[in-house]
Amino acid sequence: MREDAIKSRTGTALAFVLLLGGCSFGGERDASPAPYVTPSALLPEPPPSPPSPSPRPASLRAQGSPPAKGKGGSDPGDVNGDGFADLTFVMLHGPWSPDLVIVYGSKGGLDPRTRTVVPGTYLEFTGPTSTADLDGDGFADVLVHGHVVKRGLTTDSPHILWGGPKGVDPEAMPIAVPTSLPSPGFRHETVPGDFDGDGEADLALKTPMTKGADGLAVLYGPFTREGVPHRHTVQPAPVGVDIQGLTADRINGRRATDLLVRDLSDGEQTAPWLLRGGPGGLSLRSRRLNEGNTLALGDFDGDGRGDVVVADSGSRNNEPGYETEPPGVDGVMTVYFGKAGRAPQVFGNLRFARGATVGDVDGDGTDDLAIDRAPDGVELLHGGGNGLRRDGKVIHRAGPATEPEGRKLRASERMARSRAAVDYDGDGRDELLLAWSPLNHVPEWGSALSLWWMTDGDRDESAFGTSGW
């Protein structure tokens, strides 16, 4: 039965890659009447022994030119501190362990010739990746998950690779974030933010609590070079929620970031809960929003307050009687504004948003939203004083038509998806980054292959592929 499947947590999730006050949808309740607690489960312990994956041969590791030596700054995405944001991702290599790749930004945008490839020698990278200045030295650090073998069990655990004037050292051993999470077999997604607004980057992650209930841990920065946070808190998840995903707002240094917590799904759309950040950290009170598995946070009306997007991702529970969603959820996207008393904006004919990316692509000071509508491309909605608006802007980029062995790819398999919206060239406006890679066919392609397009919404500012890296 559907309920049994949810309770047993056997459902799987595939997530693509993202503050609100005064919204009127749903109820508001206390996540717990108790204050924050700090159980021993999150106390530092020696890092576990690294696994022994099979790194690809050294002859196949294709390092690029070293990045420009930077002086540091405040950009949470600038790994080498030269004033330009950088791109990080995990690159598959068929039978070999995946690599972590950093492509560095420049005046001309992302420069694929200037890159660092960190082989999976010490850690079998599983992704996803994110960046934040976790030790407060002015250089963004890379946060990545990887397989760790401990007491004969394999778990996914967050690790840090430190940024610096020369970027990330390709020979550096990833530093495990010292948390003891006793739930082997489940990915513990970790997202960065500044949840208490003190200017130091923090990490939020799921952690088990007593009696099998999910808890939400926040590790507050700055972190030591051993990965130990300055302090940490643990609080129960919103009432009745088994955490499947976390989405945090981008760190911008102007206010505390908030967090969306998504409930466990067995294919159907579930309701996220919003926890607001503030001087004391994440609130114990949470707000339930409309059902939808695609989430994003930004400032879409330019008033300086955080807004939330909740959209139908298109996934469905395929068990008899549960294959559909109600009219208020099916194909619906809702924008909740941070301004108290402002009614949500509802798009009822958007169909499905397979993923969402937030950034100020047109440089007008308000965030825009890119939604993945594969196989129909990436639709760009522009923000403004009245919220998001649709103007028919759809971006199409696609991978090869056939696989090496001749099989034709379906349109949904070829379509590129939005990966990020970041100012990679320092011109004051974010570039929308689209990416394509073959799904489940890496060995057939013979080498790592992904295609990337950096666009302003109208034209490509740069494009590159990773074949041969």
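Colleague: Which residue in E18 stands opposite leucine 295?
Modeller: In this predicted model, leucine 295 has valine 310 of E18 opposite.

Colleague: How many bridges join E17 and E18, and in which sense do the two strands pair?
Modeller: Five bridges link E17 with strand E18, residues 307-311, and the sense is antiparallel.

Colleague: What is the strand order in the sheet they belong to?
Modeller: The order is E17-E18-E19-E20, an open sheet of four strands with antiparallel pairing.

Colleague: Which strands stand at the edges there?
Modeller: Strand E17 (294-298) and strand E20 (345-347) do. Each has a single partner strand, so one side of each lacks a neighbour in the sheet.

Colleague: By how much are neighbouring strands turned against each other?
Modeller: The average is 15° in this sheet, with direction ignored.

Colleague: Turning to the sheet with E2, E3 and E4, what is its order?
Modeller: Its three strands follow the order E2-E3-E4; this sheet is open, and the pairing is antiparallel.

Colleague: Why is one side of E2 and of E4 left without a neighbour in the sheet?
Modeller: Strand E2 (87-93) and strand E4 (115-118) are the edge strands, and each has a single partner strand, so one side of each has no neighbour in the sheet.

Colleague: How many bridges join E2 to E3?
Modeller: E2 and strand E3, residues 96-103, run antiparallel and are joined by six bridges.

Colleague: Which residue in E3 is the bridge partner of threonine 88?
Modeller: Threonine 88 has isoleucine 102 as its bridge partner in E3.

Terms used:
Residues are numbered from 1 along each chain as its sequence is written. This is a predicted model: local features need pLDDT of at least 70, side-chain atom pairs count only at pLDDT 80 or more; totals for chains, interfaces and linings use all residues. Side-chain values use heavy atoms; hydrogens and water are left out. Two strands pair if DSSP finds at least two bridges between them. Axes are lines fitted to C-alpha atoms, for helices over the stretch in contact, and angles run from 0 to 180 degrees between N-to-C directions.
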